[in-house]
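I opened the model today to look up pockets, ligand contacts and ring pairs. My notes follow.

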Amino acid sequence: MPGVVGPLKRQLRSAVSDATLAASVHNSQPWHFTMIAQGVAVRVDPTLRPRIIDRQGRWLLQSLGAAIANLELGMRVRTGRTTRTQVFPDLDPHEAGAASGATATLTGAVVAVVEIADDARGDPLDDRLHTAILERRTSRGPLYGDLEAAAWDTVMAAASAAGDGWHIRALRPDPAQTAALVDLTRAVEARWRDDVAYLAEVQRWTKPDGGRGIPPTLIGPGDPSGNVPRREFAVSPTSPRRAPAPSGDTAAPSTDVFEVSPRLLVLAGAPDGPTTWVRAGAAMQRAMLAATAEEARVGFLGQVVEDDEARARAGDLLSLRDEALLQVLRLGAVDPTRHPRRSPRRPLREVLG
Ligand SMILES: Cc1cc2nc3c(=O)[nH]c(=O)nc-3n(C[C@H](O)[C@H](O)[C@H](O)COP(=O)(O)O)c2cc1C
């Protein structure tokens, strides 16, 4: 950690620790942090990451963006100063494989540098979002209660103001758009379940190893009604494909009552390329933190983004013109006694250095 000494070093280290609590695809935590003179550089971790669901690196870079959002909050709250974030333009779509559809490598690439600026920080939302970092978790169970209007406003504002000039649009689909998006998601999810490479990848990431992956105990049964086509993690290439909902599309019989129609938050932005994906990840993380601060929970319904055709159709039905669909989240209030347990994390010594 050249050039970083004393209290600043401790503050930056704590901020990196905040960053490691961010959401990441399949809990892959594909990040590596290096301290620099007045801040932290964020790189793509050179080890394993999910590739089948993420050929282009969208989810990889959204995971990095989520960590960057936590890092910014941690640095601001811990130093009392504002931050300046530079996302590197050499993450161009060709490098990431977006244009060719090839599997992105991006290994070791510096994605961003977050530095402490001179001004005293002033955004009161920072404190609320920072406090929520420890509490936030991905929900995969029912999210049946709606948020108050003011809570929605906070979530939308937090997502839309994801740092200096990071303009990602958060929108709430109307009921007809929601129904159509859920149908599209259900179709993508059904296709995935016939894909042996996908099933093998899911199986690998649900066997936690070295602080990565999703423990099966955190997955829980799906929605027996089939109304919420969340990602099914309890399938494997060797076990027979489960019968589709409503006859019981779950790892174990479920008595859970899922919401009839999920309450969706959609993120959209342009251009549809790596820098935007990093920014979308920051917006996603901030939306999740704001929801947590408002005592609501967030789950993912982003399968539609993983399929080129479905993503384009979803963009049409949401009337996105020059913007791409970037992420779909579902929000709701839940029984507080059902707060999910925390997923594991890699040790700080492995990701900082
Ligand atoms: C880009 C991205 C996509 C994700 N997609 C899904 C998903 O489809 N289904 C799901 O249950 N969780 C999804 N997650 C949540 C991760 O599994 C979760 O963040 C990770 O297991 C760590 O758990 P935590 O969020 O509770 O800290 C996604 C996270 C990210 C960042």
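I took a pocket, on a 1 Å grid over the protein atoms alone, as an open set of points where a 1.4 Å probe fits, with protein on both sides within 12 Å along at least five of seven lines; lining residues have an atom within 4 Å of a point. Grid points are joined across faces, edges and corners, and the volume is the space filled by probe spheres set on them.

This is a predicted model, in which local features need pLDDT of at least 70 and side-chain atom pairs pLDDT 80 or more, while totals for chains, interfaces and linings use all residues. Numbering runs from 1 along each chain as its sequence is written, and side-chain values use heavy atoms, without hydrogens and water.

Pocket. I read a volume of about 340 Å³ for the largest pocket. Its lining has 21 residues, with Arg140, Gly141, Leu218, Arg338 and Pro340 nearest the centre.

Ligand. I found 20 residues around the ligand (a heavy atom within 4 Å). Among the closest are Arg140 and Arg345. For polar contacts I used N or O pairs within 3.5 Å. A polar side-chain atom of Arg140 is 2.6 Å from a ligand oxygen, and a side-chain N or O atom of Arg345 is 2.7 Å from a ligand oxygen.

Rings. I counted 1 aromatic pair (centres within 6.5 Å). Trp192 and Tyr198 have ring centres 4.6 Å apart and planes at 15 degrees, so I logged the pair as stacked (planes under 30 degrees apart). Both Trp192 and Tyr198 are buried, meaning under 20% relative accessible area with a 1.4 Å probe, protein chains only.

Conventions:
Rings of Phe, Tyr and Trp (its six-membered ring) pair if their centres lie within 6.5 Å; planes under 30 degrees apart count as stacked, over 60 as edge-to-face and the rest as tilted. Buried means under 20% relative accessible area, exposed over 50%, partly exposed in between (1.4 Å probe, protein chains only). A polar contact is a pair of N or O atoms within 3.5 Å; within protein, one must be able to donate a hydrogen and the other to accept it, and residues adjacent in sequence count only if both atoms are side-chain atoms.
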